[in-house]
Amino acid sequence: MTGKCVLLAVDFAETSLHAIPVAKSLVHALGAELVVVHALAPEGARRSYLPGRSSAPPPQQAMHSEDEEALLTKIRDAHLSDLANVTLQLVSGEAAYQAIVDQAQRMRGDFIVLSALRESSGRRNRAISAG
């Protein structure tokens with residue numbers, strides 16, 4: 001990969017979509033490629049999104065990679081159609097945060113953009129330098 005790269009981490013929760021404007025701003029400012037990444041959980045594993053936290057989706061909400069790929073495509077089509085260089089990727093690992101950081105390192109990504117929910121004061125967006 002050449003040039004600048006911004007990774008947008010999504011988990012398909014509504015709050016993760018709040019990071020899209022931040023990612024788009026970085027892409028425009030840097031003339032960067034945007035990679036939208038979602039971390040798959042191993043089959044039947046408890047999912048750890050942040051260090052020290054884990055959750056297991058209810059059985060009726062369990063997804064397969066085809067479902068998640070379709071959701072990534074919907075995000076691209078609905079929110080990112082104005083960008084020329086968008087790549088969609090599924091990554092896997094025991095911990096979502098680690099799979100995303102590992103992917104950023106492999107791709108030599110410049111920023112990771114994600115949205116998190118603060119327990120006390122609502123939504124916050126983050127752009128994290130991957131370098």
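Begin by selecting Val6, Leu8, Leu34, Val36, Leu80 and Val113: among the 17 residues of the largest nonpolar core, these touch the most other members. A nonpolar core is here a set of buried Ala, Val, Leu, Ile, Met, Phe, Trp, Tyr and Cys residues joined through side-chain atoms within 4.5 Å. Buried denotes under 20% relative accessible area, exposed over 50%, and partly exposed the range in between, with a 1.4 Å probe and protein chains only. Strand S1, helix H1, strand S2 and helix H2 (65-79) each supply at least two residues of this core. H1 gives the largest share, 4 residues. Helices (H or I, at least four residues) and strands (E, at least two) are DSSP runs, numbered from the N terminus.

The structure is a predicted model, in which local features need pLDDT of at least 70 and side-chain atom pairs count only at pLDDT 80 or more, whereas totals for chains, interfaces and linings use all residues. Residues are numbered from 1 along each chain as its sequence is written, and side-chain values use heavy atoms, with hydrogens and water left out.

**The whole chain**

Along the sequence they follow the pattern β-α-β-β-β-α-β-α-β-β. Of the 131 residues in the protein chain, 33% are buried. Where contacts join residues at least 6 apart in sequence, 66% of them link residues at least 24 apart; a contact means heavy atoms within 4.5 Å.

Next, select S1 (residues 5-9), of which 5 of 5 residues are buried. In a regular strand the side chains alternate between the two faces of the sheet. Here both faces are covered, with Cys5, Leu7 and Ala9 buried on one side and Val6 and Leu8 buried on the other.

Which residues surround Val6? Not counting residues up to four places away in sequence, Val6 touches Ala23, Leu26, Val27, Leu30, Ala32, Glu33, Leu34, Val35, Phe111 and Val113. Apart from the core described above lies another, of 13 residues, among them Val35, Val91, Met107 and Ile112.

S1 and S2 pair in the parallel sense over 5 bridges, pairing being assigned if DSSP finds at least two bridges between two strands. Ala9 stands opposite Val37 of S2.

**Helix H1**

Within H1, Ile20, Ala23, Lys24, Leu26 and Val27 are buried. They lie on the same side of H1, because they cover an arc of only 160 degrees around the axis; the arc is that of the directions from the helix axis to the C-beta atoms. On the face turned away from this buried side are the exposed residues Pro21, His28 and Ala29. Just after H1, Gly31 has a positive phi of about 65 degrees.

Return to S2 and select His38. Is this residue buried or exposed? His38 is buried, with a relative accessible area of 3%. Its contacts, leaving aside residues up to four places away in sequence, are Val10, Asp11, Phe12, Glu68, Leu72, Gln89, Leu90 and Val91.

In H2, Glu68 and Leu72 are buried together with Ile75. These three cover an arc of only 60 degrees around the axis, which puts them on the same side of H2. Their cover includes H1, S2 and strand S5 (86-92). The face turned away carries the exposed residues Glu66, Lys74 and Ala78.

**Glu94 and helix H3**

Proceed to Glu94, in the loop between S5 and H3. Glu94 is exposed, with a relative accessible area of 54%. From Ala39 it is 55 residues away in sequence and 9.2 Å away in space, C-alpha to C-alpha.

Finally, select H3 (residues 96-107), where Ala96, Ala99, Ile100, Gln103, Ala104 and Met107 are buried. Viewed down the axis of H3, these buried residues fall within an arc of 135 degrees, so they line one face of the helix. Gln105 and Arg106 are exposed on the face turned away from the buried side. After H3 comes Arg108, whose phi is positive, near 55 degrees.
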